[in-house]
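Reader: I am new to reading protein models. Could you walk me through this one, feature by feature?

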Amino acid sequence: MKSKTNFIFLFLTSVLWINAAAQEIHIRQLEELGPYQIERYNDFPTVSQFANADIYYPKSKIQNQQFGGVAISPGFREKKENLSWWGELLASHGFAVLILDTNTLNDLPEIRAEALLAGVNVLRSEGTRKASPLVGMINPENMAVMGHSMGGGGALLAAQLYGEQLKAAIPLTSWQPDGDFSKINIPTLAIAGEVDRIAVSDVHAFPHYLSLPGNIAKMYIEIKDGNHFIANTSTGQDRLQPNIDVHDLVGRYGIAWLKLFLDRDESYRPLVFGDMPEKDIARISRWEFLEN
Ligand code: 9J3
């Protein structure tokens with residue numbers, strides 16, 4: 001009897017250990033470029049809602065493999081280059097990504113929301129346009145919006161207005177005074193910075209998160225000591241620089257959120273909603289979620 005108990009104990013601990021080890025491998029894989037080579041182009045038919053855009057996509061060796069799409073808006077006085085790292089990261093992990101330049105650098109979140117919806121629709125059309133590099137490669141059902149600051153406000157507004165056309169939203173240090181997003185009905189991941197002096201998290205991102213309804217999957221991750229630009233590309237422009245490097249952490253949660261809610265790949269659920277690794281907890285000032 002005793003040896004049987006020992007055996008069960010050993011068996012269970014090894015299963016747990018193997019799970020933990022597998023999880024650790026999984027975590028590291030999402031913190032660097034993924035398995036796909038990345039291609040990029042910008043010569044698609046123009047639309048009126050934004051100025052231009054870079055489209056990043058995975059180069060697949062599998063015929064007719066389809067990918068979900070993500071449209072991303074930069075913030076106030078920012079350009080697509082300020083978020084380019086997301087294009088590379090997400091494309092390398094199997095998403096088609098359109099990062100846009102707004103018509104004017106000062107466009108308000110309402111205008112950025114329309115630009116994001118137009119961006120999603122460009123990705124859909126590129127999937128059927130004969131001369132497009134993406135022809136046959138886009139799953140038109142699996143679309144998400146992201147954005148930084150006023151672009152994050154735009155992503156939240158787009159999710160609220162056009163949720164039936166979208167599967168997920170990821171606002172990054174979102175900016176929208178008095179933003180009430182209680183009508184959003186798609187999974188929403190909010191990333192914020194503890195020492196954001198531009199879109200103060202207690203005034204913007206956190207109340208945005210709190211305004212989301214209680215019956216959707218939602219998560220709020222606030223980066224300890226993080227400024228307004230933690231989720232931006234480091235471009236050398238002094239005004240727009242991340243003050244600390246947390247791209248491994250926010251990139252991993254972003255990919256996992258999209259794998260789970262765009263691709264519906266349940267194997268990513270533990271990476272989103274499982275126990276947060278100790279090394280993450282040390283880098284986070286506030287964290288809340290509802291799994292649903
Ligand atoms: O997009 C943003 O970075 C919002 C910053 C901001 O304070 O806008 C005020 C006009």
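Reader: Which residues surround the ligand?

Author: Two notes before we look. This is a predicted model, so local features need pLDDT of at least 70 and side-chain atom pairs count only at pLDDT 80 or more, while totals for chains, interfaces and linings use all residues. Residues are numbered from 1 along each chain as its sequence is written. A residue is near a molecule or strand if its C-beta atom, placed from the backbone, lies within 6 Å of it. Here the ligand is surrounded by Gly-75, Phe-76, Ser-149, Met-150, Trp-175, Ile-198 and Ala-199.

Reader: How many residues of that shell are nonpolar, polar or charged?

Author: Ala, Val, Leu, Ile, Met, Phe, Trp, Tyr, Cys and Pro count as nonpolar, Asp, Glu, Lys and Arg as charged, and the others, Gly among them, as polar. The shell has five nonpolar, two polar and no charged residues.

Reader: Now the sheet, please. In what order do the strands lie?

Author: Strands of a sheet pair through backbone hydrogen bonds, either parallel or antiparallel. Strands (E, at least two residues) and helices (H or I, at least four) are DSSP runs numbered from the N terminus, and two strands pair if DSSP finds at least two bridges between them. In this model nine strands form an open sheet with mixed pairing, in the order 1-2-4-3-5-6-7-8-9. Strand 1 (37-41) and strand 9 (284-290) are the edge strands, each pairing on one side only.

Reader: How many bridges join strand 3 to strand 5?

Author: Six, and the two strands run parallel. Ala-71 stands opposite Val-145 in strand 5. On to strand 6: five bridges join strand 5 to strand 6, again running parallel, and Met-146 has Ile-170 in strand 6 as its bridge partner.

Reader: Is strand 5 largely enclosed or open?

Author: A residue is buried if 20 or more other C-beta atoms lie within 10 Å of its own, exposed if 12 or fewer, and partly exposed in between, with C-beta atoms placed from the backbone. Eight of the eleven residues of strand 5 are buried, so this strand is largely enclosed by the rest of the structure.

Reader: Which residues have the most contacts inside the largest nonpolar core?

Author: A nonpolar core is a set of buried Ala, Val, Leu, Ile, Met, Phe, Trp, Tyr and Cys residues joined through C-beta atoms within 7 Å. The largest one has 80 residues, and Val-97, Ala-144 and Val-145 have the most contacts inside it. Helix 6 supplies the largest share of this core, eight residues.

Reader: What does Val-145 touch?

Author: Two residues are in contact if their C-beta atoms, placed from the backbone, lie within 7 Å. Leaving aside neighbours within four places in sequence, the contacts of Val-145 include Ala-71, Leu-116, Val-120 and Ala-169.

Reader: Why is helix 2 described as largely enclosed?

Author: Seven of its nine residues are buried, so helix 2 is largely enclosed by the rest of the structure. Among the buried ones are Trp-86, Leu-89 and Leu-90. The buried residues of helix 2 pack against strand 1, strand 2, strand 3, strand 4, strand 5 and helix 6. Helix 2 is followed by Gly-94, whose phi is positive, near 100°.
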